[in-house]
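Subject: Structure for your review

Dear colleague,

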Amino acid sequence: MSTSNSSALPGPGSAHARMATTIHIVSLLRFLAPIVAMLLVWEFCVRTGLANAAILPSPSMILVRGAELLGFSHADHSPLISHILYSLVRAMSAFILGCMVAIPLGFLLGLNAFAYRWVSPIISLMLPLPALAWTPIFLVIMGQSEATIVWVCFLGAVFPILYATIQGVRSITKQSLWVVRSMGARRRDIFFKVLLPGSLPALMAGLKLGMAHSWRTLVAAEMMAALSSGVGFMIFSARTYMDVSTMFVGIVVLAVIGMTIEHGLFGPLEKMTVRRWHNTGRVGGSR
Amino acid sequence: MSIDVHSARPANPISLRRIFDSIQPMIAIAIPLLIWEAAGRMGWINTFLFPPPSQIAHTIWVQAGPNGHPPGAILMHVGRSLYRFLSGLALAIVIGTAVGIAIGMTRWGRLIFTPLISAIMPVPTLAWTPILLLLVGLDDRTTIIIVFIAASFEVIYTIVVGIEMMSVKVFWVARSMGASRQQIFWKVIIPGILPYLITGTRLGSGFAWRALIGAEMLAASSYGLGFMIYDASEYMSMDMIYGGIALVALLGYFIENVLIGRLEAATTSKWGVNVER
């Protein structure tokens, strides 16, 4: 609003904008203040010897270690970046695999009452089961390998997506299907114009949850099954050398990536798709 | 949705149809197990990797009895897991409630805790395990703290929502009748958030159970269901792994839906969470 008005009314418009940025900065500072304060107390405790630096390194030591791992000293090789890339590739492939299985299956079960009646008890039994519990089976069958990690993360991602897809499809009222069908819509139109938009809010929530599960499972799966790479492996192997700084670097990296996936990836995606179809169409009762 | 069609026609209360409908979920679970059993007996699948359900049940039964290794092994694994789970959950309820009330009721609480929580929350709970192993050591405390971390965010979140949902009128009424701050806290706020606390505990217990199993795989030195299945993978005893997974699923379902679910249903019908928003 301030940008469109500023050409017409330069005085108040720019003042408004300045005010808005000031409020923005103040709220950001207010958000960061407790975190910075905690880090300072932590630093103080370590510096004065209240906490043992060998077990609990200070934030500055963690920062130095982070820079070291990022490899600013030798530009061609950065261990941290390669760990992150490995982890991201594993999590994403598990997630994509999960989508490829869960979304078609979810549509099938959502549309076919008979299949739903016979499969949903199994799903409701599998849903609360931690995906990590499957790790030992894969460890026996495939050993410590990429496949083990990806399969475990796949199991973490697939059930939330499946469940959400079924809920989304089943929330579409029968009437809206009847209406479209009576007006002579083809099967393809029904899918793309009714079923897909109607189930989208639930589906997006499921995808978000599936990705979060995949990412959270990945870290522990990497601790158990990775041979040489991945953020989880980095954290767990640092234990052998009592290298706590590296562990904390890993934790910070995990937090940042987790936040980026949630807000940077799914936030805009959710806005784009759900808004596009749900402001124009108002298809079905998607509650 | 398909049941509606049948309920339209008048039927006597105990019909075959109803009996079938009530046991149908169990049949749906039993059929794949029977196929698995048959395939195992017929030798269509590798019975080393996929031992038939009867063999799994037999192993679990033997391990739970006096001939187990050690005697009553399964019971000790389950008992140790439950002990860790309940201790962590109790910690999460106490500390989570305190933090939740601080955020919901006070300005400083909101200013201090909200940023800290939103910074820590995106970290996968199990990532703390190696650090806790070094800080605390390889014993029950590590797993209990993991359970605590996993459950507390949900407890805090629901309590903050519960306080925000509380009607301001309730405070006005209490204050206009001359209630002191302390009385408002104990007689208005605490009963008001109790239903939310139970809901938060139920949601948190799901996360906590998952985290516990993972933490036990990574950090337990002896006993616990997670330790049991991870240990079994080193000896390649597949029936112990499958049996352990089944126990994890059943206990998780029992805790979330029966134990706390019943409590939640009882309290919501008594106090009514949805009365006035």
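A residue is called buried here if 20 or more other C-beta atoms lie within 10 Å of its own, and exposed if 12 or fewer do. By that criterion, 37% of the 277 residues of chain B count as buried. Please note that this is a predicted model.

Chain B: overall form

Chain B contains 11 helices and 0 strands. Its radius of gyration is 24 Å, well over the 19 Å given by the globule rule for 277 residues, so chain B is more spread out than a compact globule. The C-alpha trace of chain B spans about 75 × 65 × 35 Å along its principal axes. Among the contacts in chain B with a separation of 6 or more, 68% are accounted for by residues 24 or more positions apart.

Leu91(B) belongs to helix H4 (residues 73-105) of chain B. Between Leu91(B) and Ala39(B) there are 52 residues in sequence and 46 Å in space, C-alpha to C-alpha. Leu91(B) has 17 other C-beta atoms within 10 Å and is therefore partly exposed.

The contact between the chains

The contact draws 44 residues from chain A and 42 residues from chain B. On the side of chain B that touches chain A, at least two residues each come from helix H2 (16-42), helix H5 (107-120), helix H6 (129-135), helix H9 (181-219), helix H10 (225-234) and helix H11 (238-271) of chain B. H11(B) gives the most to this side, with 8 residues. The side of chain B that touches chain A has 34 nonpolar, 6 polar and 2 charged residues.

The nonpolar core

The largest nonpolar core has 124 residues. Val152(A), Cys153(A), Ile146(B), Val147(B) and Ala208(B) are those with the most contacts inside this core. Leaving aside residues up to four places away in sequence, Val147(B) touches Arg84(B), Phe85(B), Gly88(B), Leu89(B), Ala208(B), Ala211(B) and Leu212(B).

The buried residues of H10(A) are Val231(A), Gly232(A), Phe233(A), Met234(A), Ile235(A), Phe236(A) and Ala238(A).

Met242(A) lies in the loop between H10 and helix H11 (244-280) of chain A. Phi of Met242(A) is near 55°, a positive value in a residue other than glycine. Met242(A) has 10 other C-beta atoms within 10 Å and is therefore exposed.

In chain B, Met236(B) is placed in the loop between H10 and H11. Met236(B) is not a glycine either, yet has a positive phi of about 55°. With 14 other C-beta atoms within 10 Å, Met236(B) is partly exposed.

Confidence in chain A

The mean pLDDT of chain A is 81, and 89% of the residues of chain A reach 70 or more. Among the elements of chain A, helix H4 (residues 79-111) has the highest mean pLDDT (91) and helix H1 (residues 2-6) the lowest (41). Two stretches of chain A should be read with this in mind. Over residues 1-11 of chain A, pLDDT stays under 50, and the model has 7 contacts for them beyond four places in sequence. Over residues 279-287 of chain A, pLDDT also stays under 50, with 15 contacts in the model beyond four places in sequence.

Yours sincerely

How values were computed. Residues numbered from 1 in each chain as written. Chains lettered and ligands numbered in written order. Predicted model: local features only at pLDDT ≥ 70, side-chain atom pairs only at ≥ 80, totals over all residues. Helix = DSSP H or I, 4+ residues; strand = E, 2+ residues; numbered from the N terminus. Nonpolar A, V, L, I, M, F, W, Y, C, P; charged D, E, K, R; others polar. Core = buried A, V, L, I, M, F, W, Y, C linked by C-beta atoms within 7 Å. Rg over C-alpha atoms; globule rule 2.2 N^0.38 Å. pLDDT = per-residue confidence, 0-100.
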